[in-house]
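Have the sequence and the 3D view side by side. We will walk through the structure one pair or group of residues at a time.

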Amino acid sequence: QGSNLRTLYQLSSIVVVASSSGGVLLPVLESYCMHLNELSSSCRTKRHYGNIMYDRRVVRGNTYAKHIIPTTAQPDPSEIRRQQANRRRAIARKQAREQFRPNTPEALEGRKHTDVQTELYLEELSNIIATTDIECQTDPFLDRPATPLFIPAKSGKDVETQIEEGELFDFDVEVQPVLEVLVGKTIEQSLLEVMEEEELACLKAQQRAFEELRNNELAEVQRLQEMERRHNEEKERRIAQQREVLRKEKEIAEKIAARAYTQQYLAGLLPAVFTSLRSHGYFYNPVEKDIETNFFPWLMNEVNNRVERRYTAREILDTMIYDVTQKRLERFNEEETQPEKSDS
């Protein structure tokens, strides 16, 4: 559209120059007039005016932020619903905060609430602003006259000349090569732009064909990958099932072998165990065990007590006999010493 507008402006300027030159090359440009009208009508129909300050395509603020340009001018219904839901939630939160906000209880009957200052220093509160009227008189001044225009002083000498018609150049003759160059360049530029548009259209068609082919190939590759994945999953599942079967068979064989070995081992183990327990005294006669554990210790304690008492009695008796013998011996010695003293 920009190239068409540029071509339109160039052609219109050429047409104006050609018309002012006396009708030169007007037959050549007649075919372009219809094209100019079509371009102007298409531009008028396709042009949408708007304020650029509210155009969302103009990036403002941080250039690092991502701006998404909407494909259509109509707002997204989902975005509108989301904004309405957010607005309703905000209103509900505000109402909940106002509802749960602690308020001052109502005044009792015959009383009313009054605003009271709680500052350290009280000040008078009043809605009337203190104003003061002051007047002053200034000295009269005369009005300043208008500033005269600045006219620089004239310098140099005035020189004039007379140029007759046709002395400098002939416009019709001189403008023809310029106009031919302009028209040729314009036509060449237009042809180049048309060729460029056709080439871009061919490139876009090739790109669309390539994208379709690539999408088909990608779909086929995805299908093959999915098939390969399913085959691998089936293979892994079958291998896992076979490993589980082999593990269970091995476990069953080990259990059978262990049971057979246990039966064979326990066949001679039970008699040996009973014999060993019996030899170590785990299987015993309760009467004999009671005599050995209860009666014999009690009997030995009683015998030891009796023997100790007898031994103690014998020691006491020996001590008494020894004391009596010593006393008799001393008395006998005293009796023998007394006759000797009397004889002397």
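Start with a pair: Glu-251 and Lys-255 both sit in helix H4, 4 residues apart, about one turn of the helix. Helices here are DSSP runs of H or I with at least four residues, strands are runs of E with at least two, and both are numbered from the N terminus. Glu-251 and Lys-255 form a salt bridge, and their closest N and O atoms are 3.6 Å apart. A salt bridge means a side-chain nitrogen of Lys or Arg within 4 Å of a carboxyl oxygen of Asp or Glu. Lys-255 is exposed, with a relative accessible area of 53%. Glu-251 counts as partly exposed, at 34% relative accessibility. The cut-offs are simple: buried is under 20% relative accessible area, exposed is over 50%, and partly exposed is in between, using a 1.4 Å probe and protein chains only. Salt bridges that share partners join Glu-244, Arg-247, Glu-251 and Lys-255 into one network.

A word on the source. This is a predicted model, where local features need pLDDT of at least 70 and side-chain atom pairs count only at pLDDT 80 or more, while totals for chains, interfaces and linings use all residues. Residues are numbered from 1 along each chain as its sequence is written, and side-chain values use heavy atoms, with hydrogens and water left out.

Now step back to the whole chain. It has 5 helices and 0 strands. Along the sequence, the pattern reads α-α-α-α-α. How much of the chain is buried? Buried residues make up 6% of its 344 residues. The salt bridge count comes to 10.

Arg-229 pairs with Glu-233 in a salt bridge, with the closest N and O atoms 2.4 Å apart. The two residues are separated by about one helical turn because they are 4 residues apart in helix H4. Arg-229 is partly exposed, at a relative accessible area of 37%. Glu-233 is partly exposed too, at 44%. Next, find Arg-237. Its salt bridge partner is Glu-234, and the closest N and O atoms are 2.3 Å apart. Arg-237 has a relative accessible area of 39%, so it is partly exposed. Glu-234 has 28% relative accessibility, so it counts as partly exposed.

Is Ser-190 buried or exposed? Ser-190 is buried, because its relative accessible area is 17%. This residue lies in helix H4, which covers residues 171–279. A polar atom of the Ser-190 side chain lies 2.7 Å from the backbone oxygen of Thr-186.

Finish on the surface. Glu-196, Glu-197, Glu-198 and Glu-199 gather there in a patch of negative charge. Such patches use residues with over 30% relative accessible area and no salt bridge; like charges are joined within 9 Å, and nonpolar side chains (Val, Leu, Ile, Met, Phe, Trp, Tyr) within 5 Å. Glu-198 has its place in helix H4. A patch of positive charge is made by Arg-87, Arg-88, Arg-89, Arg-93, Lys-94, Arg-97 and Arg-101. Arg-97 is placed in helix H3, residues 77–100. At 52% relative accessibility, Arg-97 counts as exposed.

Notes: A polar contact is a pair of N or O atoms within 3.5 Å; within protein, one must be able to donate a hydrogen and the other to accept it, and residues adjacent in sequence count only if both atoms are side-chain atoms. Accessible areas come from the Shrake-Rupley method with a 1.4 Å probe; for residues, only the protein chains shown count as cover. Lys and Arg count as positive and Asp and Glu as negative; His and the chain ends are not counted. The place of a charge is taken as NZ of Lys, CZ of Arg, CG of Asp or CD of Glu.
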